[in-house]
Amino acid sequence: MKAHEIDYRIYGEEMQYVEIELDQNEGVIAEAGSFMMMHEGIKMETIFGDGSKQNEGFMDSIFGAGKRLLTGESLFMTAFYNTLHDKRSVSFASPYPGKILAVDLTQFGGKVICQKDAFLCAAKGVSVGIEFSKRLGRGLFGGEGFIMQKLEGDGMAFVHAGGTLATKVLKAGEKLKVDTGCIVGFTKDIDYDVEFVGGIKNTVFGGEGLFFATLTGPGTVYVQSLPFSRLAGRVLAALPKGNNNKGEGSVLGGLGDLLSGDNRF
């Protein structure tokens with residue numbers, strides 16, 4: 001496997017985007033919906049799966065792409081190629097506030113495991129597959145961490161973390177306990193399991209869930225402070241119930257909504 005060599009630059013603070021510079025015939029793959037902008041001369045092509053295997057048959061392509069359904073992703077991905085002699089750029093944006101993490105797979109033995117919705121884009125040739133849990137406890141109680149994505153190859157990959165990104169380097173035997181939704185990813189030598197919180201008060205009144213992930217070194221773990229599930233839960237909780245919108249404190253209230261173009265009755 002030989003991934004395309006790409007140059008990149010990450011812009012922004014809270015709402016970041018990554019700009020990838022492509023030489024002629026170089027390409028990058030991305031999840032649907034992450035595209036932001038591109039220069040003239042970039043060709044966009046919809047492909048089955050990640051397109052990392054050039055000579056696989058049609059049924060193999062269907063099977064490989066079909067596994068992506070288990071992670072909640074589309075059967076298809078989008079590939080972007082530079083068709084001109086000069087360098088051209090294509091950019092991909094974060095789906096919500098957070099940080100973009102650039103991962104050079106050659107520095108981690110050619111494999112990194114990440115949360116199923118963390119992958120943003122990667123150099124053409126990087127394989128985007130699925131990583132199943134091999135432990136009963138993790139499979140039954142792992143929640144968001146049960147089925148994860150694995151990024152394999154020798155190129156650059158980019159993943160997104162919600163909120164602030166923490167990087168923890170664990171020594172052999174060193175353990176880190178993390179909320180299952182806060183895991184962004186970890187290197188291949190990390191041992192990942194799920195542990196019961198324990199205690200009646202913690203279980204009934206803790207409000208932090210019944211289980212958390214335990215990650216054992218050696219290796220590197222990436223943790224996010226604002227997983228999308230937590231963000232979505234806060235937004236849903238803040239929505240007005242029964243259409244009792246008070247105009248967010250406006251003196252005009254409902255009249256203000258009418259003047260602003262909201263004509264719902």
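Predicted model: local features only at pLDDT ≥ 70, side-chain atom pairs only at ≥ 80, totals over all residues.
Some background to start. Side chains of opposite charge can pair when their charged atoms come close. In this model the count comes to 4 salt bridges.

I will begin with Glu13 and Lys99. Their side chains form a salt bridge, with N to O at 3.8 Å. Glu13 sits in the loop between strand E1 and strand E2, while Lys99 is in strand E8. The two residues are 86 residues apart, and the pair links distant parts of the chain. As for accessibility, Glu13 is exposed, with a relative accessible area of 52%. Lys99 is partly exposed, at 25%.

Next, Lys87 and Glu21. This salt bridge has an N to O distance of 3.6 Å. Lys87 lies in the loop between strand E6 and strand E7, and Glu21 lies in strand E2, so the pair ties together parts that are 66 residues apart in sequence. Lys87 counts as partly exposed, at 45% relative accessibility. Glu21 is also partly exposed, with a value of 29%.

Lys111 belongs to strand E9 and Glu131 to strand E11, so parts of the chain 20 residues apart in sequence are tied together by the pair. Are these two residues buried or exposed? Both Lys111 and Glu131 are buried. Each therefore has a relative accessible area under 20%.

Technical notes: Residues numbered from 1 in each chain as written. Heavy atoms only, no water. Helix = DSSP H or I, 4+ residues; strand = E, 2+ residues; numbered from the N terminus. Buried < 20%, exposed > 50% of the residue type's maximum accessible area, 1.4 Å probe, protein only.
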